[in-house]
Amino acid sequence: MQVSPSRTKLLQDRRGFLNTLTSCQQDCLKTHQVRLVSFSIEIPTIDPLAVLQRWHDPKQHFFYWEKPQESLAMAAIAPELLLQVNTQRFTKTQQFLESSLDQAVLQGQLDCPFAGPHFFCGFTFFEAKHHHPPLFPSGLVFLPRWQLVSYQGQSLLVANFALEATSQLDRLVDALMQKLEQLQTHAQGFHIQPTQETIPFQCCPHTSSIEQSIQKTLTLIQTGELQKLVLAHPLDITTPAPLALGQTLHRLRQRYPECCVFAIGNGEGQIFWGASPERLVSLRDRHLVTDVLAGSAPRGHSIIEDISLGKKLLHNQKDGHEHQLVLEFICNQLRTLGMRPQTSSPAHLMQLANIQHLRTLVSATAPCHLQILDILAALHPTPAVAGTHRDRACDYIRQYEAFDRHLYAAPLGWINHRGDGEFAVGIRSALSDGCHTRLYAGAGIVAGSEPQKELAEVELKLRTLLEALV
Ligand SMILES: C=C(O[C@H]1C=CC=C(C(=O)O)[C@@H]1O)C(=O)O
């Protein structure tokens with residue numbers, strides 16, 4: 001990788017871009033290889049969600065990631081390099097990243113946070129065994145042509161070009177100049193028009209009975225076959241108009257600022273979106289953090305009720321056990337990878353607008369040879385979304401859930417050129433296709449679970465999404 005940071009605005013003239021691209025193309029001619037050129041350019045403050053709404057073409061893949069509490073938003077528009085895999089997805093993704101970055105030329109304001117090329121990834125819950133055409137492949141990874149970032153008041157455009165010997169450089173520079181011009185002179189005009197309207201929708205009842213599955217699960221737990229199983233429930237709805245993605249995500253970011261608001265589009269009209277409270281893993285300069293999130297209760301209608309529900313959750317034996325199983329699993333997996341996990345014990349409350357959870361933060365220093373994808377492969381799926389023992393739990397999920405999880409409860413996130421990255425667990429999520437949306441929510445069943453309470457928990461989680469729909 002060739003890195004040439006520049007603090008000046010020299011890059012922003014047409015000739016500067018063209019010179020860089022021309023010299024890289026000469027290398028392509030010699031080596032007969034694709035060469036990645038990435039420009040990171042500071043721009044006036046923008047809302048990446050509003051730019052996504054303007055620039056996104058439904059026929060192209062896109063990705064959106066926002067963590068309102070960290071004042072971070074990233075939009076990835078138009079794939080420049082794309083990988084779609086089914087088997088050996090994490091290994092193939094790592095190879096794809098390495099080969100794409102080999103010989104890459106990075107220029108511009110690289111000392112800005114979130115500068116440089118970022119790869120955006122969505123994985124399905126289960127790896128597909130067969131090559132049938134799914135809505136989303138087991139692994140969808142892409143480097144966008146346009147990456148828009150807003151972080152703590154600073155905004156950035158990262159423009160990525162995968163150059164070939166035949167690339168028409170003039171056209172590439174024209175496209176870049178046009179985008180910069182739009183961002184520099186019209187960005188204030190890009191904003192999300194919030195709406196107060198609630199959208200009428202029709203529910204299509206699902207035939208599978210979650211109550212029956214919960215009863216069967218409790219029997220399996222009694223016999224010692226399982227300790228925990230996370231069963232999910234889909235809710236299918238139809239709306240009078242296709243999903244208004246920008247407004248829906250805007251509602252989510254306002255109502256759930258502690259969550260990671262996300263969306264990923266497969267370029268064929270299907271969009272997976274949501275607001276996840278659960279981080280699977282973040283890795284920055286070898287510092288790893290992962291969330292243990294399991295055990296739930298509603299928020300109270302009054303402060304007194306809220307405090308009482310929170311206290312009950314903190315001391316409830318069943319929820320404590322459900323949480324402990326996830327904590328033990330995560331710490332064991334990290335130890336197996338050669339790390340020494342530290343926990344923020346005891347579990348504390350993570351309070352969202354309509355629900356609260358037990359949360360423990362686990363941190364560790366990752367050894368240099370480990371990539372974030374190695375950690376992902378070891379952690380996914382945790383017992384927060386599958387169960388214990390994991391393999392048996394996955395078999396029962398396949399047996400009891402009469403629908404495909406697709407990207408629900410699966411890793412979704414980004415990795416940059418330094419190997420840093422972050423993945424959320426795709427819960428509190430939905431899959432939309434025009435006027436049809438399937439919402440997903442699940443609950444962990446352990447000894448002592450009561451079917452009615454678990455059902456109420458699933459309904460509460462589904463409400464997160466129903467209230468956001470526009
Ligand atoms: C599986 C989901 O939530 C998980 C995360 C937090 C709390 C959970 C629980 O209390 O059951 C679940 O383990 C979901 O929201 O679909």
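Analyst: By class, the shell around the ligand is made of 8 nonpolar, 5 polar and 5 charged residues. In this count Ala, Val, Leu, Ile, Met, Phe, Trp, Tyr, Cys and Pro are nonpolar, Asp, Glu, Lys and Arg are charged, and the others, Gly among them, are polar. The model is predicted, so to speak of local features a pLDDT of at least 70 is needed, side-chain atom pairs count only at pLDDT 80 or more, and totals for chains, interfaces and linings use all residues. Residues are numbered from 1 along each chain as its sequence is written, and side-chain values use heavy atoms, with hydrogens and water left out.

The shell holds 18 residues, and the closest to the ligand are Ser296, Ala384, Tyr408, Arg428 and Gly442. A residue is near a molecule if one of its heavy atoms lies within 4 Å of it. Strand E14 (287–298), strand E22 (436–446) and helix H11 (451–466) each supply at least two residues of this shell. Helices (H or I, at least four residues) and strands (E, at least two) are DSSP runs, numbered from the N terminus.

From the backbone, an N or O atom of glycine 295 lies 3.0 Å from an oxygen atom of the ligand. From side chains, a polar atom of glutamate 322 lies 3.1 Å from a ligand oxygen, and a polar atom of lysine 461 lies 3.3 Å from a ligand oxygen. Taken alone the ligand exposes 390 Å², and the protein buries 100% of that. These areas come from the Shrake-Rupley method with a 1.4 Å probe; for residues, only the protein chains shown count as cover.

Where is the ligand placed among the cavities? The ligand sits in the largest cavity, where sitting means that more than half of its atoms lie within 2 Å of the grid points. On a 1 Å grid over the protein atoms alone, a cavity is a set of points where a 1.4 Å probe fits but cannot get out, whereas a pocket is an open set with protein on both sides within 12 Å along at least five of seven lines; lining residues have an atom within 4 Å of a point. A search of the whole structure finds 3 cavities of 30 Å³ or more. The largest cavity contains about 180 Å³ of space; grid points are joined across faces, edges and corners, and a volume is the space filled by probe spheres set on the points. Of the 20 residues that line this cavity, Ala384, Ile427, Arg428, Gly442 and Lys461 are the closest to its centre. Strand E10 (228–238), E14, E22 and H11 each give two or more residues to the lining, which by class has 9 nonpolar, 5 polar and 6 charged residues.

The largest pocket can be described in the same terms. Its volume is about 460 Å³. It is lined by 18 residues, with Ser296, Ala297, Pro298, Asp319 and Lys453 nearest its centre. E14, helix H7 (303–315), helix H8 (317–336) and H11 give two or more residues to this lining, and H11 gives the most, with 5 residues. The lining of the pocket divides into 7 nonpolar, 4 polar and 7 charged residues.

Key. A polar contact is a pair of N or O atoms within 3.5 Å; within protein, one must be able to donate a hydrogen and the other to accept it, and residues adjacent in sequence count only if both atoms are side-chain atoms.
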